[in-house]
Amino acid sequence: MEKKGWDGFEIGAMLRTFDGAVSDIATTLPENRPYSQSSSFTASVADWRIEKPLFNKDYCIDCQFCWVYCPDMSIISRDKKMVGIDFDHCKGCGICVQVCPTNPKSLLMFPEQKDEEAALAEWPKKDTNKAHAEEAKED
Amino acid sequence: MADTIELRDIEVWDGNMAASHALRQVQVDVVAAYPITPSTPIVENYAGFTANGYVDGEFVMTESEHGAMSCCIGAAAAGGRVATATSSQGFALMVETLYSASGMRLPIVLNVVNRAIGAPLNVNGDHSDMYMGRDSGWIQLDSYCPQEAYDLNFIAFKVSEDHDVRLPAMVHQDGFMTSHTAQGVHTLSDEAAYNFVGEYKPMNDMLDLDHPVTHGVQTEEDWHFEHKARQQHALMTAVLPKIEAAFADFEKLSGRKYNLVEKYNMEDAEVAVVCMGTSVETAREVALEMRQNGIKAGVVGIRVFRPWPLEQLAATLKDVKAIAALDRSSPHGTVGALFNEISGSLFNTDTKAVLTNYIYGLGGRDLTKAHLVSIFTDLKANADAGKPTTALQQYIGLRGPKLSFF
């Protein structure tokens with residue numbers, strides 16, 4: 001970011017979220033909003049992440065639990081369909097994986113450098129013991 | 001719509017009541033307060049006005065002075081006209097948030113009823129709290145009587161809220177000596193008072209939903225210095241001219257004239273006392289008596305403590321031979337703040353005035369006329385000798401052996 005001189009700021013250490021006026025922001029998708037350079041939306045704030053969540057759409061039931069629970073709004077969902085993860089803002093906390101209810105989970109944590117295709121190739125199969133246990137509990 | 005109050009031309013008010021009416025008349029949007037002696041009646045009276053339908057704004061009772069000022073900061077950032085009042089220990093608890101208010105460039109008016117700071121605990125008036133605020137980035141206006149406590153509130157709102165300023169302002173009055181002493185106060189009508197300050201004009205307000213803003217951001221070594229410089233630039237260049245303009249407008253409205261530096265009998269003064277608060281009025285009376293005894297005595301009152309009127313003070317004192325700086329706060333390890341400020345104002349000028357320092361009135365100890373006679377007598381000796389004939393820093397009105405330093 002360009003370093004401004006003391007007279008180049010607006011007063012009061014105040015940051016604007018958007019360039020210019022906005023209206024009806026709630027129905028505008030994030031990628032279509034005029035976020036300013038001083039909004040963290042335009043910056044990568046994920047460089048402390050050491051483990052990342054990866055998404056396997058084959059098992060996802062679009063329950064939106066991950067979207068609801070993510071503390072950094074880093075689950076991208078459109079029309080109530082899980083799309084993927086915003087890796088510029090995800091801190092790797094793992095909450096999405098914890099709350100994912102499918103068997104096997106549709107979200108799993110992997111080392112930051114893990115290749116996505118390799119991760120999908122070694123995705124665990126359905127845990128039948130766990131499935132039987134849960135059916136028994138429901139009975 | 002709030003009811004108005006038909007005031008008499010002159011009301012018998014103490015400083016607290018005067019400040020309460022000023023807050024009511026400018027129709028503050030949010031007063032958030034935690035009462036503390038001797039400022040309690042300001043917010044108590046104001047709460048009464050609110051309960052009785054004379055105020056449209058909100059009155060918020062908070063859990064502490066830290067909470068009160070924090071609430072004021074939030075309300076000011078949201079885009080409202082905001083004020084509160086405090087004293088002493090409460091002021092001390094506010095200090096952290098005072099720096100936030102000024103750094104965030106939020107116009108808030110804080111009535112500070114000056115009181116000593118413990119230990120030992122003391123509810124009476126001295127200037128310890130006012131002095132504690134002097135590096136906080138606020139504008140500090142000082143009143144010497146209830147009339148001025150009333151008038152300076154209007155000046156404070158007008159200057160503080162100006163978009164070229166956007167800095168919070170304190171209006172100081174002496175605990176008990178001003179705050180609880182009833183005098184005749186010339187009033188403005190509710191309409192005239194409101195129109196003088198005008199409708200609040202928001203700036204960067206959080207309630208402007210079309211322009212969302214983040215207030216109170218963090219900056220480290222790469223940005224912090226520039227923000228502080230910008231704040232200091234506004235305080236140093238914009239504020240004094242705006243105060244002078246507000247004083248001029250106020251004189252047109254009320255006939256009462258205020259100055260950055262108040263001068264009494266200074267035209268031909270050979271010796272001068274510089275002080276603040278109620279002491280100014282006592283010193284004025286004694287200076288006139290000294291003149292009958294052949295001592296050309298004058299008095300300088302500091303009306304604007306921050307930003308410090310360095311050039312105006314230097315011009316006021318340029319022909320004086322001996323000056324006494326009267327500090328009503330224990331300097332704790334150095335000379336008094338006024339001594340330092342005056343030294344700094346005069347050091348690079350041609351004046352050869354002798355400057356000495358008196359610590360007085362701590363914890364509400366009276367400054368008597370006899371004390372001031374002895375100070376003027378010292379000054380006359382200093383003027384004649386062309387050098388200090390006493391220690392640089394003396395205590396006046398203190399029991400026990402004489403105490404002095406340097």
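This is a predicted model: local features need pLDDT of at least 70, side-chain atom pairs count only at pLDDT 80 or more; totals for chains, interfaces and linings use all residues.
## Where the chains meet

Let's look at how the chains touch. In chain A, 15 residues are in contact with 17 residues of chain B. The side of chain A that touches chain B has 9 nonpolar, 4 polar and 2 charged residues.

Strands take part too: β1 (residues 15–16) of chain A and β9 (residues 213–214) of chain B run antiparallel and are joined by 2 bridges. Within β9(B), B:V213 is the bridge partner of A:R16.

## Two residues with positive phi

Is A:D79 buried or exposed? This residue lies in the loop between β3 (75–78) and β4 (81–85) of chain A, and its phi is near 50°, a positive value in a residue other than glycine. A:D79 counts as exposed because it has 6 C-beta neighbours inside 10 Å.

B:R166 also has a positive phi, about 50°, although it is not a glycine. Its place is in the loop between α6 (146–160) and β7 (169–174) of chain B. B:R166 is buried, because 21 other C-beta atoms lie within 10 Å.

## Cis peptide bonds in chain B

The peptide bond from B:G118 to B:A119 is cis, with omega near 10°. You can find B:A119 in the loop between β5 (108–114) and α5 (128–132) of chain B.

Another cis peptide bond joins B:R306 and B:P307, with omega about -5°. B:P307 is in the loop between β13 (304–306) and α11 (310–316) of chain B.

Note on methods:
Residues are numbered from 1 along each chain as its sequence is written. Chains are lettered from A and ligands numbered from 1 in the order in which they are written. Two residues are in contact if their C-beta atoms, placed from the backbone, lie within 7 Å. Ala, Val, Leu, Ile, Met, Phe, Trp, Tyr, Cys and Pro count as nonpolar, Asp, Glu, Lys and Arg as charged, and the others, Gly among them, as polar. Two strands pair if DSSP finds at least two bridges between them. Helices (H or I, at least four residues) and strands (E, at least two) are DSSP runs, numbered from the N terminus. A residue is buried if 20 or more other C-beta atoms lie within 10 Å of its own, exposed if 12 or fewer, and partly exposed in between; C-beta atoms are placed from the backbone.
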